[in-house]
Amino acid sequence: MIEIIFFSLISNSVFYSYGHLIKIEKFHNKISSINNRAIIGCIFISFIALLVNFIIPLDKLFNTIILLVGILLLILNKKKLKKKEVFYLFLSSLITASLILYSNVYRPDAGLYHLSYVSFLNENKIIFGLSNVHFRFGAISIMQYLSAINNNFLFNDVGIVIPLASIVSFFIIHFFNNVLNILKKNKTTTLANIFSLFIIIFISYKMNRYSEYGNDAVAHFSYFYLISRILENNKINLNLISVISVFTFLNKSTMIIILLVPLFFLIKNFKLKDLKIIYSLSSLLFIFWIIKNVIISGCMIYPLKQSCFENFSWTDINEVEYESKSGEAWSKDWPNKIDKNISMIKYNQNFNWIASWSKNHGIFIANIILPYFLAIILIYYYLKHGNSKNLFSFKKNNHLIFLFIISLVGSVLFFLKFPLYRYGYSYLISSLILFLLLSIRNIDKNRFNFIAKFMLIICIFIISAKQTLRYADNLNSNFQWPRIYSYEKNVKITSKQINFNNHFVIYQADGLCMYSKSPCTNYKLKDNIDIIKKFNYYFININS
């Protein structure tokens with residue numbers, strides 16, 4: 001346990017120190033400003049990892065250099081470090097460690113491709129057509145890069161599990177701090193504070209388990225974070241919202257509509273100086289991510305056929321078409337289809353999937369969303385019907401309607417194309433909360449302070465209780481760290497080694513690849529692949 005806390009402290013400190021290199025907003029010695037720097041630090045290191053992997057593997061030597069530079073930056077800044085910053089680093093590290101302790105990785109996706117892609121990054125530089133080894137490699141998350149760069153000579157392999165918990169802890173602190181600000185004397189209550197309160201309730205209800213995060217949770221946390229930052233005031237920091245929007249999309253391509261947010265504010269408040277966004281961190285991150293996608297799969301966004309370059313020798317357009325139809329069908333509850341003779345194409349069309357989906361996954365979503373919506377409705381009416389002498393009026397926020405429209409459109413897109421809960425729940429939750437905020441004109445200030453204190457205590461208790469119960473259930477376990485080699489005994493798997501020309505090796509696992517020798521797949525290799533080496537890069541081509 002001490003090791004987990006210590007590694008978390010070092011890791012979070014490094015993220016925070018790199019956050020000072022990116023001058024996105026002015027730094028104030030407040031928890032909110034410190035926290036923002038830590039989040040930006042994670043994004044910046046992700047960008048470094050992405051960029052470097054075009055040239056070399058993210059091996060332990062390079063990763064250790066990144067670690068040491070981060071520590072050096074912190075040491076050089078030592079005299080400027082304030083008590084709040086030190087307190088923040090210890091607090092975030094304790095939350096990070098508490099999420100990791102006795103947890104496991106996300107099933108089954110971590111074993112299918114998350115961990116195996118991290119292993120690939122640690123052992124290889126980028127490979128053209130890598131998705132021809134495992135199609136899911138075409139749809140990975142930027143979090144795999146942040147995880148991979150945390151494997152160094154100090155942390156070793158277990159370091160890869162820390163970044164996911166780190167960035168989640170930063171987001172959690174952000175929302176809790178926003179609510180705590182309400183309770184300060186002479187502090188004006190904003191719509192961002194109320195939004196954060198409702199998000200904290202949802203976090204304690206459904207977003208507090210490390211083993212449930214996968215690639216999805218960070219995208220949804222980021223979306224909530226973006227909305228809360230925009231609601232804080234009418235003056236928009238275009239650089240900040242751009243980098244958060246791009247980061248959200250890079251974690252989950254189903255969140256693509258979020259890219260309209262910075263575009264909207266760029267057009268709405270256009271000034272010539274805003275054109276510098278073209279060479280900002282957000283633009284560079286987005287551009288290099290798209291280039292990476294094209295190199296890996298032949299598509300800018302996999303498996304969207306319209307974004308693919310069919311003439312590239314490594315683009316398997318037939319697989320792209322199949323995975324596009326298959327992914328949509330599975331998200332619409334294809335395994336439980338009522339008509340067993342219907343094709344995937346017809347199943348996806350004309351709402352033929354509704355009957356099957358509504359009886360299974362639709363009920364699953366309703367069982368999550370409806371109790372939460374009922375809870376926030378009750379809180380809303382409690383706040384609204386108070387003593388007229390204590391009513392507090394809200395300043396008009398010009399961005400609330402736009403955020404509601406974006407969330408609503410995202411919810412509709414989610415329902416029509418990929419109605420799997422984990423793909424778009426932040427759209428649904430944000431739509432519900434923003435709908436309530438649109439109707440708020442004033443609330444009872446005393447009642448709000450009471451409910452904020454009450455819900456903070458309840459949410460902290462719920463989150464702590466859930467973690468404590470997990471610790472109690474696993475007290476006799478030998479695995480304090482999440483298991484990255486196998487789900488049960490955490491023993492490294494042995495895979496069949498398939499040798500090709502140019503000393504290229506693909507590893508084929510009988511079960512899940514997990515974190516093992518790479519590139520690894522648990523699928524039968526295609527018969528029509530041809531591996532060549534050009535300019536010191538491997539190409540996994542498709543023979544037509």
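User: In this predicted model, is Cys42 buried or exposed?

Analyst: Cys42 counts as buried, because its relative accessibility is 0%. The cut-off for buried is under 20% relative accessible area. Cys459 can be read in this way too: its relative accessible area is 1%, so Cys459 is buried.

User: How many disulfides does a search of the whole structure find?

Analyst: A disulfide is called when two cysteine sulfur atoms lie within 2.5 Å. Searching the whole structure by that rule gives two disulfides. Cys299 is bonded to Cys308, with an S to S distance of 2.0 Å. Cys513 is bonded to Cys520, with an S to S distance of 2.1 Å.

User: What pattern do the disulfides of the protein follow?

Analyst: Count the bonded cysteines along the chain, then write down which number pairs with which. Here the pattern reads 1-2, 3-4.

User: Why is the disulfide of Cys299 and Cys308 right-handed?

Analyst: Look at the torsion about the S-S bond. For Cys299 and Cys308 this torsion is about 95 degrees, so the disulfide is right-handed. For Cys513 and Cys520 the torsion is about -85 degrees, so that disulfide is left-handed.

User: Now the rings. How many aromatic pairs does the structure hold?

Analyst: The structure holds 49 aromatic pairs. One of them is formed by Phe414 and Phe418, whose ring centres are 6.0 Å apart. To name the geometry, use the angle between the planes: over 60 degrees counts as edge-to-face. The planes of Phe414 and Phe418 are 70 degrees apart, and the pair is edge-to-face. Both Phe414 and Phe418 are buried.

User: Which residues form one aromatic cluster?

Analyst: One cluster consists of Phe202, Tyr205, Phe224, Phe364, Tyr372, Tyr421 and Tyr425. To find it in the structure, select these Phe and Tyr residues together.

User: Where does the charged end of Arg107 sit?

Analyst: For this feature, check where the charged end lies relative to the ring. The charged end of Arg107 is over the ring of Tyr487, 4.3 Å from the ring centre. A lysine gives another case: the charged end of Lys292 lies over the ring of Trp289, 3.7 Å from its centre.

Notes. Residues are numbered from 1 along each chain as its sequence is written. This is a predicted model: local features need pLDDT of at least 70, side-chain atom pairs count only at pLDDT 80 or more; totals for chains, interfaces and linings use all residues. Side-chain values use heavy atoms; hydrogens and water are left out. Buried means under 20% relative accessible area, exposed over 50%, partly exposed in between (1.4 Å probe, protein chains only). Rings of Phe, Tyr and Trp (its six-membered ring) pair if their centres lie within 6.5 Å; planes under 30 degrees apart count as stacked, over 60 as edge-to-face and the rest as tilted. A charge sits over a ring if NZ of Lys or CZ of Arg is within 6 Å of the ring centre and within 35 degrees of the ring normal.
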